[in-house]
Amino acid sequence: MKNGGGRTSRIRRRKLFTSSESRGVNESYKPEFIELKKWLKDRKFEDTNLIPARFPGTGRGLMSKRSLREGQMIISLPESCLLTTDTVLRSYLGAYIAKWQPPPSPVLALCTFLVSEKHAGDRSPWKPYLEVLPKAYTCPVCLEPEVVNLLPKPLKAKAREQRTHVQEFVSSSRDFFSSLQPLFSEPVESIFSRGALLWAWCTVNTRAVYMRRAPRRCFSAEPDTCVLAPFLDLLNHSPDAQVTAAFNEETRCYEIRTAVSCGKHKEVLICYGPHDNHRLLLEYGFVSTRNPHACVYVSKEI
Ligand SMILES: C[S@@+](CC[C@H](N)C(=O)[O-])C[C@H]1O[C@@H](n2cnc3c(N)ncnc32)[C@H](O)[C@@H]1O
């Protein structure tokens, strides 16, 4: 998910789908969504097409308020709503990132910002977004080792690789977090705990959209492609969905258009990529029951 190709392919590029079975229960009355709506409006985003809802098969997602025509814009989220590495560099963390050697990765910058803003609580200007983010994730890295042990062999190996990757991500960032101590009255070890970083890593890896940004010297050479897109990131996945999605340099908005018409009061779904169920579980923590990309892994010996 973190490499360029994987993320590119999963970014819900050309696909949108609405399921007739998935009649959802409106959740827009919930205080957290009312606050998020106000926050988005202050940043010049007013949605007319979508409302948060809970669906029987996919859980929390977005429902169409009206029918959508083929080619119609589903959502156009202004740049001011996006959480990018620029947001982080412009923040109180910017000076610390700029002077840290070796330069931190773009994902580390995003995770540091998420943990720090979450810690700020009511003082964070991002609070309405942080409040709607999941409290926990179901990617294999979050599962107990006994549960990972029950996975099929090839997936088990991938799950262990993911755990090692995240462990290294956390342990190799310790000195950087220590350098941030002047910003906090509490010890940084208690703020940037393993649990907090795991939550932030899963937030970025399960929810970010793909938007390639120019490399900058203050970051490591890893591609800077992950951008958090509040509200838009409530869209769930269907392998059959057909949308186009990209940042529009003219409107300065992240836009998603449907390639097919879509009925009123249906779940609006996008496609994260042509992923089999192993990849969906690894990267997003779920599997798709009717997945045309499902495949069976056969060991070399067989
Ligand atoms: C970009 S978020 C979508 C919004 C998310 N459902 C929420 O409540 O915030 C991606 C996450 O949604 C869930 N998800 C997306 N598509 C799904 C599907 N078809 N079935 C079950 N869960 C899905 C997974 O937990 C995934 O990691």
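Into which domains is the chain divided? The chain splits into domain 1 (13-72 + 232-302) and domain 2 (83-228); these bounds come from an automatic or database domain assignment. The model is predicted: local features need pLDDT of at least 70, side-chain atom pairs count only at pLDDT 80 or more, and totals for chains, interfaces and linings use all residues. Residues are numbered from 1 along each chain as its sequence is written.

The centres of domain 1 and domain 2, taken over C-alpha atoms, are separated by 23 Å. Domain 1 gives 16 residues to the contact, and domain 2 gives 19 residues. Two residues are in contact if their C-beta atoms, placed from the backbone, lie within 7 Å. On the side of domain 1 that touches domain 2, helix H2 (31-42) and helix H12 (277-284) each supply at least two residues. Helices (H or I, at least four residues) and strands (E, at least two) are DSSP runs, numbered from the N terminus. This side of domain 1 has 10 nonpolar, two polar and four charged residues. Ala, Val, Leu, Ile, Met, Phe, Trp, Tyr, Cys and Pro count as nonpolar, Asp, Glu, Lys and Arg as charged, and the others, Gly among them, as polar.

Two strands pair if DSSP finds at least two bridges between them. E3 and E4 form a hairpin, with three residues between them. Within this pair, Pro52 stands opposite Leu62. E4 pairs with strand E11 (residues 267-270) too, antiparallel over two bridges. Here Met63 stands opposite Glu267.

The largest nonpolar core has 72 residues. Such a core is a set of buried Ala, Val, Leu, Ile, Met, Phe, Trp, Tyr and Cys residues joined through C-beta atoms within 7 Å; buried means that 20 or more other C-beta atoms lie within 10 Å of a residue's own. Leu77, Leu110 and Cys111 have the most contacts inside this core. Helix H5 (residues 106-120) gives the largest share, eight residues. Domain 1 and domain 2 each contribute at least three residues to the core.

Key:
A residue is buried if 20 or more other C-beta atoms lie within 10 Å of its own, exposed if 12 or fewer, and partly exposed in between; C-beta atoms are placed from the backbone.
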